[in-house]
Amino acid sequence: MTLIAQPGSNKAQKVQVAGFLVLVFEGNALYLHMEDYKEGLTRNAVRVSLSPEQTKQYQGLSGNYVWIEASFLKRPNSEDILSGSLFNVREIRKINFKH
């Protein structure tokens, strides 16, 4: 997710991004890698804002690598635990890795 590494404007932008999805009661997030989630590296993650209906719809994708099409806003506040927010989620798809 180059989005969180680059300095950017505070304007929302439409994006398609891949990462490791975690949907939990404490908060939904997309991490760069599963290891970032396991190690609690929240700076390598962005919040995923979903409606209750979307949370139900996509719950089965939690714990998988996914593509998300949404709007993104970088967190300007360095005190925030996550590096940004995905909202107005239009689609989430599981990435199927081929070995």
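This is a short tour of a predicted model, one selection at a time.

**Stop 1: the barrel**

You're looking at a closed barrel built from five strands, and going around it the order is 1-2-3-5-4. The pairing between them is mixed. On average, neighbouring strands in this sheet are turned by 50° against each other, if you ignore direction.

Now pick out residues 29-31, which make up strand 2, and residues 45-48, which make up strand 3. These two strands run antiparallel to each other and are joined over three bridges.

**Stop 2: the aromatic rings**

Next, show side chains for F20, Y31, Y37 and Y65, which together form one aromatic cluster. In the whole model there are three aromatic pairs. A pair of rings like this is described by how far apart the centres are and by the angle between the planes.

Take F20 and Y37 to begin with. Their ring centres are 6.1 Å apart and their planes meet at 35°, so this pair is tilted. Where do the two residues of this pair lie? F20 is in strand 1 (residues 13-22), while Y37 is in helix 2 (residues 34-38), so the pair ties together parts that are 17 residues apart in sequence.

Is F20 buried or exposed? F20 is buried, with a relative accessible area of 5%.

**Stop 3: S71 and its surroundings**

Stay with strand 4 and select S71, which sits in that strand. With a relative accessible area of 8%, S71 is buried. Which residues does S71 touch, leaving out those up to four places away in sequence? Select Q13, K14, S85, L86, F87, N88 and R90 to see them. Keep R90 highlighted for the next stop.

**Stop 4: the salt bridges**

How many salt bridges does a search of the whole structure find? There are two.

R90 and E69 form a salt bridge, and their closest N and O atoms are 3.5 Å apart. R90 lies in strand 5 (residues 84-94) and E69 in strand 4, so to speak two distant parts of the chain, 21 residues apart, are linked here. As for the surface, R90 is partly exposed at 36% relative accessibility, and E69 is partly exposed at 23%.

Finally, select E91 and R93. This salt bridge has its closest N and O atoms 3.3 Å apart. E91 is partly exposed, with a relative accessible area of 30%, and R93 is partly exposed too, at 38%.

**One last look**

Keep the aromatic cluster of F20, Y31, Y37 and Y65 in view, along with the salt bridge between R90 and E69.

How values were computed. Residues numbered from 1 in each chain as written. Predicted model: local features only at pLDDT ≥ 70, side-chain atom pairs only at ≥ 80, totals over all residues. Heavy atoms only, no water. Pairing = 2+ DSSP bridges. Helix = DSSP H or I, 4+ residues; strand = E, 2+ residues; numbered from the N terminus. Axes fitted to C-alpha atoms, helices over the stretch in contact; angles between N-to-C directions. Phe/Tyr/Trp six-rings, centres within 6.5 Å; stacked < 30°, edge-to-face > 60°. Buried < 20%, exposed > 50% of the residue type's maximum accessible area, 1.4 Å probe, protein only. Contact = heavy atoms within 4.5 Å. Salt bridge = Lys/Arg side-chain N within 4 Å of Asp/Glu carboxyl O.
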